[in-house]
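Dear colleague,

Please find the structure below. My notes on its helix packing and aromatic rings follow.

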Amino acid sequence: MNIQYIDNITFKKMLLGAAANLENNKAIVDSLNVFPVPDGDTGTNMNLTVQSAMKEISSLSESTIVHIAEAAANGSLMGARGNSGVILSQLFRGMSKGLAGAVKIDCKVIAEAFKSASDTAYKAVMRPVEGTILTVARETAEKAMAVYADYDDTDAFLEMLIEQAKDTLRRTPEMLKVLKQADVVDAGGKGLVVLLEGALAALRGVEIKHEKAEMQIVETAVELEEFTSEDEIIFAYCTEFFIKNPKGTSDDFLSKIYDKGDSIVCVGNENLIKTHIHTNNPGQILAIAVKFGELSKIKIDNMKEQFRERLKNSSKKNQEKKKYGFVSIGMGEGIKKVFTDLNVDVFLSGGQTMNPSTEDILDAAENINADHIIIFPNNGNIILAATQAKEISKKDIHVIPSKSIPQGITALLAFKEENDVEENVKAMTEAVKEVKTGQVTYAVRDTVFNDMEIKKDEIIALSDGDIVSHGNSPEDEAIELIKKMVDEDSFLVTLFYGDNVDKKTAEGMKERIEEIAEECDVEIIYGGQPLYYYIISVE
């Protein structure tokens, strides 16, 4: 059938179809993560970003094409998570610009919207990398602008553009060496193709239904607001996560954790199990869960601490304004304590396994009564969202490009209250470059990286983001990693141990480290981070 024009009703259906298709295929996109670490969440981040856009659209009182496009842009901007989510939000923003003034959409308008989307996304990224979602968007837009005059059927035009997007996606491993090594296409690019396919299906009248599991509530979840005193909180840690491609059913998993907490929600199907539990030992729950499959979207909150913070909120608002305020992002009670001791005002839970949204970061900054607010993302996948929050806010916000917990800590140690903000930002940014970061975790799938054949569940060691070794012992791999990281200029080695490492084992590492780093001071600190046995800092 020939569809010459797309009206506002159809446009809205197309966006909803695109969102539903990504929701149903986000696990496939997640699985394309280059590194086999337990935090491949490109699909999850893109999906949460799109869902925020759809929520904004659903609240519209007027549903013209322009209103719908603007709502998608605004919703995705605030809900953007991770680099892929931020880039996607910029694509929505550019699309909205391209549709400005449109009453109906034909092939020319589609081409202009694609071009505007691509241009806007490229401008938002300081150093665009080819072989990513940006390339898929750009080549698709270039094709659209080159041939739109040959089409008067939006259906056929979009079908052709999707084939172009798929062709570019297939070629991404030739553009990025790491993709070729891992034998995957770009995850963000795949997510964009999935969105376009969902939009085309909706244009053709196909309803894409969300493949959600039926809810099975074991106990009604208790909301924090229901507590009147801290003593009422028996199980302190609100723990949430997904198990992807589980080896058993949700009932099987429930049978292993039902007696380890309360307020349990455990639902799922053969592809995904979602779990919520209040417990006093989140590490134990995650250790059981990881035996069932790959974990994602992990979130752990200390409800006692949240309760105390809530009591302070009203008084905080009345505090006298100070010169500096800090927001830091990370996971683990021990790591949070380190940042709190360094006078961080707001510690946002998130990082390797759950990236906070632009709105989360913005809210944290807005709640600090200070002249200058400095944000430490502590993760390369959060810097763009933090920067986006900075651009939205009217406050004086500065983002330090810290890509790891050690970098964030080192940057904070370089801060001096008496210095002006420009001096501090410069000093902290320079300090980030002076620290090396190592991480020890496990592989979630078989892969080949830098000629290393890595098997699923093997222990892997990463140095500043690159896999440098693999084996069977977290402690042995940590030692091998430190050997590679320490040089003649090193003076301090800090080991943050996770919630799945016992204190005795961690403290036993001190002597082993001192043997291979004789000229360095060695510190062993409880980090409490999930999934990563050790985070290592070498300064």
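In these notes a residue is buried if its relative accessible area is under 20%, exposed if over 50% and partly exposed in between (1.4 Å probe, protein chains only). This is a predicted model, in which local features need pLDDT of at least 70 and side-chain atom pairs count only at pLDDT 80 or more, while totals for chains, interfaces and linings use all residues. Residues are numbered from 1 along each chain as its sequence is written, and side-chain values use heavy atoms, with hydrogens and water left out.

Aromatic rings

Rings of Phe, Tyr and Trp (its six-membered ring) pair if their centres lie within 6.5 Å; planes under 30 degrees apart are stacked, over 60 edge-to-face and the rest tilted. The count under this rule is eight aromatic pairs. In one of them, Y324 and F415 have ring centres 4.8 Å apart and planes at 85 degrees, so the pair is edge-to-face. Y324 lies in strand β5 and F415 in the loop between α16 and α17, 91 residues apart. (Helices, H or I of at least four residues, and strands, E of at least two, are DSSP runs numbered from the N terminus.) Y324 is buried at 3% relative accessibility, and F415 is buried at 16%.

The rings of F326 and F376 have centres 6.0 Å apart and planes at 40 degrees, so this pair is tilted. F326 belongs to strand β5 and F376 to strand β7. F326 is buried at 4%, as is F376 at 0%. Ring pairs join Y324, F326, F376 and F415 into a cluster.

Helix contact

Residues C107, I110, A111 and F114 of α5 meet T154, F157, L158 and L161 of α7, where contact means heavy atoms within 4.5 Å.

With kind regards
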